[in-house]
Amino acid sequence: MAPPLTPDQWLRILRAEGVRVEEYPGWRTRERDAATGKAFGPVRMFLNHHTAGRNAKDVVAKNGVAGLPAPLAHVYLARSGVATMCSAGRANHAGAMAVNAYVSFRDEKSSHPAPSKASGTVDGNDVSYGVETENLGDGKDVYPREQYDAWVRINAAVCRFHGWTAESVGCHKETSVEGKVDPRGPVEGYGSRGRFEFTPERFRADVAERLKHPANWSPGATAPTPPKETDMATPYDLWAYRGRGTNLDDRDAYAYLRGTNADVKTLAKQMDALADKVDALEQRPLTDEQVAKIAAAVAAHPALAQAIADTLATRLKD
């Protein structure tokens, strides 16, 4: 169970995950809470869709379709891989979810049954985030490599923030009692993988793999073999190294690592020296005057003051 992301949190986690983000005008306050009388959240899963058309950003964010007012998702993902924020509140994207399917995502089961209307339904708009990914949805239109990469990053960013596993990631066709088929279609490639067919299982596996790495990780990237500790060289220009982005020549990485090795050793020696000084201070008893000065310095922070006062009182008794 999780309270919905705030607008600022959305922007922060997506950008940290390497997603290029744009903001649709008015997205921070555009939602369906007031109109429906239903509050958004707590949120339990992330639901993925395809747009079944081109250039639908205005439709998703502001215009909606006949009988279904906007926003139609929280995020609109273009073929370029740019994610446009459309809403931070309740959005009309999920519709009725089969209870048996919803529960499997809510509880992060390792398998997800076909949606059964007989199990009952839940309003998915209350409990799920949604992304509309631009694709014709005809089973032939290809998801470009950069779009699929951003798609995985968006799902992973939300899972990472809430502490969810990839089993909280679902597709509309896995929850809908209305016979939805999205998302579907071929993918140009991902990481070192060539063309393949989109499937929910493959998508969740890609999200799960991403969650094993830091948010700034890129699929297919390999770390250079660490140099030997004795392999020293002239320090490398850090800013030149960073400016090359993630696709680095191994020689560049080796040069930088060799150059920083000596600095690391120096810092380690300095830390050892500081640790010795801290040990010496810990063995020196505090005077009543010192205790009074410390208490006065933290008086503006009652909780901190209490914690320090308790610690000092215990120490003085010893």
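Colleague: Which residues does Glu 174 touch, not counting residues up to four places away in sequence?

Modeller: Keep in mind that this is a predicted model. Contact means heavy atoms within 4.5 Å. Here Glu 174 touches Ala 101, Phe 105, Pro 113, Pro 115, Pro 200 and Arg 204, leaving aside residues up to four places away in sequence. Glu 174 itself is found in helix 7.

Colleague: Is Glu 174 buried or exposed?

Modeller: Buried means under 20% relative accessible area. Glu 174 has 10% relative accessibility, so it counts as buried. Its side chain also makes a polar contact of 2.9 Å with the side chain of Arg 204.

Colleague: Which residues of helix 8 are buried?

Modeller: Arg 204 is one of them, along with Pro 200, Phe 203, Asp 206, Val 207 and Arg 210. Down the axis of helix 8, the buried residues fall within an arc of 160°, so they line one face of the helix. They pack against strand 2, helix 4, helix 6, strand 8 and helix 7. Helix 8 covers residues 200-211 and reaches 16 Å from its first C-alpha to its last, close to the 16 Å expected.

Colleague: And for contrast, why does Lys 62 count as partly exposed?

Modeller: Because its relative accessibility is 48%, Lys 62 counts as partly exposed. Lys 62 sits in helix 3 and touches Tyr 24, Arg 30 and Ala 70, again not counting residues up to four places away in sequence. Its C-alpha is separated by 8.7 Å from that of Trp 27, 35 residues apart along the chain.

Key: Residues are numbered from 1 along each chain as its sequence is written. This is a predicted model: local features need pLDDT of at least 70, side-chain atom pairs count only at pLDDT 80 or more; totals for chains, interfaces and linings use all residues. Side-chain values use heavy atoms; hydrogens and water are left out. Helices (H or I, at least four residues) and strands (E, at least two) are DSSP runs, numbered from the N terminus. The expected span of a helix is 1.5 Å times one less than its number of residues. Buried means under 20% relative accessible area, exposed over 50%, partly exposed in between (1.4 Å probe, protein chains only). The arc is that of the directions from the helix axis to the C-beta atoms. A polar contact is a pair of N or O atoms within 3.5 Å; within protein, one must be able to donate a hydrogen and the other to accept it, and residues adjacent in sequence count only if both atoms are side-chain atoms.
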